[in-house]
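Welcome! Here is a short briefing to read alongside the sequence and the 3D view.

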Amino acid sequence: MKSRPFVFINAAMSADGKISTYERRQTRISGQRDLERVDQLRASADGIMVGIGTVLADNPSLTVKSGEKNPIRIVVDSMARTPVDAEVISRKGHAIIAVSKSAPCERVNALREKADIIVAGDERVSLPELLSELKKKGINRLMVEGGATLNWSLISEGLVDEIYVYIGNMIIGGKDAPTLVEGVGFVDPMKLKLLSVERMDEGVLVKWCVF
Ligand SMILES: NC(=O)c1ccc[n+]([C@@H]2O[C@H](COP(=O)([O-])OP(=O)(O)OC[C@H]3O[C@@H](n4cnc5c(N)ncnc54)[C@H](OP(=O)(O)O)[C@@H]3O)[C@@H](O)[C@H]2O)c1
């Protein structure tokens, strides 16, 4: 048995592969049916994880609208930069902030009032260590909702099982607009296995499995 949860990334991107505008501002890419699908997917997970970049850009609540129980919300935040009034730690339910050993103590203590803290890694959050801790806490299905930098780290470190992408009917453009996966990139592209393709609203939902 794996020492980490089953990990799947869910994201929405434009026809040109962008996940937000060049201002790194959230823009609505999905249609209504896809939003409902994402809500159900959240409800099926034990945990939902995002990077601190997404918290600072979008301030998502990551709550489930349709269900009674919210999965545990996890922020990957090496230096404990999560604002104490961020939605992700203010809404009902359990939240975890994963920090590194370099996070300032006063910031960590301020966050401790609102969320559990996991320390993993020296300067940056160690994702293998974090996932192993999450598994020990009973998180068997982990949904990752971005952003581009966290997606890259997880994928390049071999920590992702499946990737679900809703491709919306729009062009966002802009060389500085984030794409689904950033980081330094592969020299030898990583291959995926196509699981399914489904027309949804005015876009397409594509599911991939990572080898
Ligand atoms: N369309 C969509 O589906 C969707 C979904 C989510 C986000 N977005 C968009 O994505 C953008 C945010 O993406 P982003 O790339 O800026 O931020 P991100 O991936 O959400 O967060 C990245 C940050 O996480 C922290 N981190 C800590 N340990 C890490 C590790 N081991 N690997 C990677 N990151 C680690 C780093 O900051 P520290 O070192 O300070 O901790 C890093 O800068 C926003 O524009 C948002 O709107 C779109």
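Does Ala80 count as buried or exposed? Ala80 counts as buried, with 23 C-beta neighbours inside 10 Å; the cut-offs are 20 or more other C-beta atoms within 10 Å for buried and 12 or fewer for exposed, with partly exposed in between and C-beta atoms placed from the backbone. This is a predicted model, where local features need pLDDT of at least 70, side-chain atom pairs count only at pLDDT 80 or more, and totals for chains, interfaces and linings use all residues. Residues are numbered from 1 along each chain as its sequence is written.

**The chain as a whole**
- The protein chain has six helices and nine strands (DSSP runs numbered from the N terminus: helices are H or I with at least four residues, strands E with at least two).
- Of its 211 residues, 38% count as buried.
- Its C-alpha atoms fill a box of roughly 45 × 40 × 35 Å along the principal axes.

**Around the ligand**
- The ligand is surrounded by 31 residues, and Gly51, Gly53, Gly146, Gly147 and Ser153 are the closest (a residue is near if its C-beta atom, placed from the backbone, lies within 6 Å).
- Elements giving two or more residues to this shell are β1 (6-13), β2 (47-51), α2 (52-58) and α6 (148-156).
- The largest share, five residues, comes from α2.

**Backbone details to look for**
- A cis peptide bond runs from Gly146 to Gly147, with omega near 0°; Gly147 sits in the loop between β6 (141-144) and α6.
- Ala80, in the loop between β3 and α3 (87-90), has a positive phi of about 55° although it is not a glycine.
- Leu62, in the loop between α2 and β3 (72-76), has a positive phi near 60°.
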